[in-house]
Amino acid sequence: MPSFASSAHLVRSMRSLLRPSQQGITSMVSWPGLVVSFHVAKGHHRTGVRDRVSNFGSIADDDNEINTKTQSFQVQPRSVQVHVAHELLQAGHQYLDVRTCDEFRVGHPSGAINIPYMLNNGAEMFKNSKFLEEVSSQFRKDDDIVVGCKSGRRSLLAACDLQAAGFVRVTDVAGGYTAWTENGLPVAK
């Protein structure tokens with residue numbers, strides 16, 4: 001987790017990126033290893049607002065004005081291209097494949113562990129209600145985990161859920177298994 005000189009500095013840095021005319025929109029800010037999305041509601045003052053940052057706790061602006069308006073910040077997991085993911089696996093990271101069992105059986109990165117994030121119910125898909133429980137039975141919260149799916153959507157959602165549940169070393173595979181095979185990386189069946 002990156003460290004910042006002060007929480008107030010982080011808040012001021014984020015606010016400085018939004019002009020008053022941009023308030024009422026959602027924005028993305030990134031620092032090395034950290035992407036933060038936030039929304040500034042129209043009409044909220046840019047100073048004196050109490051801000052909450054995921055995984056950083058509650059922080060107040062350094063002018064300490066009392067204001068009940070809040071902004072919500074969500075820290076996104078790191079996403080890497082498939083070649084980087086392959087290098088991470090060679091360095092000892094574990095691959096969590098969150099595709100369905102049928103998709104996994106067709107082929108997967110060598111050594112992958114399959115825990116579906118979404119399950120099939122006929123033509124419909126629904127979130128696996130036991131996903132976090134099943135991941136916790138296979139991985140520790142401080143394990144280095146590379147999360148992949150077919151194209152990158154489910155894996156990003158799963159990585160966000162894992163990070164919110166306290167898994168601290170989660171990396172999403174951008175492009176998923178499709179990009180993996182298109183780049184000729186090793187697969188198992």
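## Close-up views of a predicted model

View 1. Asn121 stands opposite Glu124 in strand 11, in a model that is predicted rather than determined by experiment. The strands involved, strand 10 (residues 118-121) and strand 11 (residues 124-127), run antiparallel and are joined by 4 bridges. Together strand 10 and strand 11 form a hairpin with 2 residues between them, and in the turn Gly122 has a positive phi of about 70°.

View 2. Five strands make up an open sheet in the order 6-13-12-7-9, with parallel pairing. The edges are held by strand 6 (78-80) and strand 9 (113-114), each of which has a single partner strand, so one side of each is left without a neighbour in the sheet. Strand 9 pairs with strand 7 (residues 94-97) in the parallel sense over 2 bridges, and Leu96 stands opposite Ile113 in strand 9. Helix 2 (residues 82-90) packs on this sheet, where it touches strand 6, strand 7, strand 12 and strand 13 (170-173), and its direction makes about 100° with that of strand 6.

**View 3. Strand 12 between its two partners.** Strand 12 pairs in the parallel sense with strand 7 over 4 bridges and, likewise in the parallel sense, with strand 13 over 3 bridges.

**View 4. The surroundings of Thr171.** Thr171 lies in strand 13 and, because its relative accessibility of 4% falls under the 20% limit, counts as buried. The side chain of Thr171 makes a polar contact with the side chain of Arg78 at 3.2 Å. When neighbours within four places in sequence are left aside, Thr171 is in contact with Arg78, Val80, Leu88, Ile145, Val146 and Val147.

**View 5. The nonpolar cores.** The largest nonpolar core has 16 residues, of which Leu96, Val98, Phe131, Val135, Val147 and Leu162 touch the most other members. At least two residues of this core are supplied by each of helix 4 (131-138), strand 12 (145-148) and helix 5 (153-164), and the largest share, 3 residues, comes from helix 5. Apart from its neighbours within four places in sequence, Val135 is in contact with Leu96, Ile115, Leu162 and Phe167. A second, separate core of 14 residues includes Leu88, Leu89, Val146 and Leu185.

**View 6. Arg153 in helix 5.** Arg153 has its place in helix 5 and counts as exposed, because its relative accessibility of 63% is over the 50% limit. The C-alpha atom of Arg153 is separated by 8.4 Å from that of Ala174, although the two residues are 21 residues apart along the chain.

View 7. Cys101 is partly exposed, with a relative accessible area of 37%, whereas Cys149 is buried, with a relative accessible area of 1%. The count of disulfides, which requires a pair of cysteine sulfur atoms within 2.5 Å, comes to 0 in this model.

Key. Residues numbered from 1 in each chain as written. Predicted model: local features only at pLDDT ≥ 70, side-chain atom pairs only at ≥ 80, totals over all residues. Heavy atoms only, no water. Core = buried A, V, L, I, M, F, W, Y, C linked by side-chain atoms within 4.5 Å. Buried < 20%, exposed > 50% of the residue type's maximum accessible area, 1.4 Å probe, protein only. Contact = heavy atoms within 4.5 Å. Pairing = 2+ DSSP bridges. Axes fitted to C-alpha atoms, helices over the stretch in contact; angles between N-to-C directions. Polar contact = N/O pair within 3.5 Å; in protein donor to acceptor, adjacent residues only side chain to side chain.
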